[in-house]
Amino acid sequence: MQWAGLLILSAMATLALNEIGLAAAWLIGPMIAAIALGVGGASVRVPTSGFTVAQAIIGCLVAHAVTPSILLSIAHNWPLMLGTVGLTVLVSGVVGWLFVRYGSLPGTTAAWGVSPGAASAMVAIAGDYGADARLVAVMQYLRVVLVVLSASLVTHALTSGSPGAILPAAPVEALDPRGLAATLLVAAVGGWIGHRFHIPSGALLVPMVLGALVQSGAGVALQLPQPLLTITYTVIGWSIGLRFTREVLGHALRAVPQMLLSTGLMIALCGLSAWMLVTLLPTDPLTAFLATSPGGLDSVVVIALGTGVDLPLVLALQTLRLFVVVLTGPPLARLIARYA
């Protein structure tokens, strides 16, 4: 009954958002429905394997859409990209310091919670360093939800919001069994490798690399029909939303205003870095905003794929930020917790 209610509520929310032309409605609708049911006491959860497969499909979608120009984009503009990513990490450090210094949460918990990306990795690692993993999860996934919503609203404001562009699919006329089989094989193998070897966001990044190699080396065009993408977006939305339970939010209720303020401040400061990127690089404001948004990678990529922005630049900056955050997150969190 809970699954049926979640499905019906997701369909209603998605159709309503799709009607007003909001970008990534097929992701946000299920996410909002899942948050409502999770806070309302629903006990159903998306299996970890389901979320892994969904991320792997998104990796294949990116591989299908991205050309080798992403490597050229990084090679030509790496100093600016690295500086932009460094600015995002610095912003999160400043926000984390303020949160720890003047907030009500324990130092280590707050420091881990404001990390600008790699939410699942930060939640998994935080407990090993003495932080409250439940509060870190609330902070991280609240950031993901707010980033997705803000990116969708900005996208809607800067584009025509055509419903036809909201759910990107491979431009094919008819079903290609060979291309679909290659997509499913790449998603299965790449998702398993990423999960098995605990690669940060490996369930998305490994299929993305494998898919690009298959398309360029084997000459097989990956195919992602619209029903497959619809299911994928729904699973990702449910996976994020169902993490917001009544117990976890009740445990963090006093700190929710601080969490909202810190996340809003981080998004605003990253928006400032996007403005700087527009002035230094020949790119449009929407591309710069999506490229500098503080996570998560899969959600931002879903929005970017449906808007016609400079996808190689968005993906290059987001991927680079992910690796920098994973490398600098633990020492930065310890540093903040110690000195703030």
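How many of the nine residues of helix 14 are buried? I shall answer that in a moment, after a word on the model as a whole.

Good morning. The structure before you is a predicted model. Its chain has 340 residues, of which 53% count as buried. The chain contains 15 helices and zero strands. Among contacts with a separation of 6 or more, 78% are between residues 24 or more positions apart. The accessible surface of the chain is about 14,800 Å², and carbon and sulfur atoms account for 70% of that surface.

Let me now return to helix 14, which covers residues 297–305. Nine of its nine residues are buried, so helix 14 is largely enclosed by the rest of the structure. The buried residues are L297, D298, S299, V300, V301, V302, I303, A304 and L305.

Consider one of these residues, V301, which is found in helix 14. Its relative accessible area is 1%, and because buried means under 20%, V301 counts as buried. Leaving aside residues up to four places away in sequence, V301 touches I58, V62 and L315. As for distance along the chain, V301 and G59 are 242 residues apart, yet their C-alpha atoms are separated by 9.4 Å.

Next, how are helix 14 and helix 15 arranged relative to each other, roughly parallel or roughly antiparallel? Helix 15 comprises residues 311–339, and its axis comes within 10 Å of the axis of helix 14, with a crossing angle of roughly 175 degrees. An angle over 145 degrees counts as roughly antiparallel, and the two helices are therefore roughly antiparallel to each other. On the side of helix 14, the contact is made by L297, V300, V301, A304 and L305. Helix 15 contributes L311, V314, L315, Q318, T319, R321 and L322.

Finally, I turn to the surface. A nonpolar patch is formed there by L90, V94, W97, L98, Y102, L265, L269, L272, W275 and M276, which together have about 980 Å² of accessible area. Two elements give two or more residues to this patch: helix 4, residues 69–102, and helix 12, residues 256–280.

Conventions: Residues numbered from 1 in each chain as written. Predicted model: local features only at pLDDT ≥ 70, side-chain atom pairs only at ≥ 80, totals over all residues. Heavy atoms only, no water. Patch = residues over 30% accessible without salt bridge, like charges linked within 9 Å, V, L, I, M, F, W, Y side chains within 5 Å. Areas by Shrake-Rupley, 256 points an atom, 1.4 Å probe, with all protein chains shown as cover. Salt bridge = Lys/Arg side-chain N within 4 Å of Asp/Glu carboxyl O. Helix = DSSP H or I, 4+ residues; strand = E, 2+ residues; numbered from the N terminus. Axes fitted to C-alpha atoms, helices over the stretch in contact; angles between N-to-C directions. Parallel < 35°, antiparallel > 145°, perpendicular 65-115°, else oblique. Contact = heavy atoms within 4.5 Å. Buried < 20%, exposed > 50% of the residue type's maximum accessible area, 1.4 Å probe, protein only.
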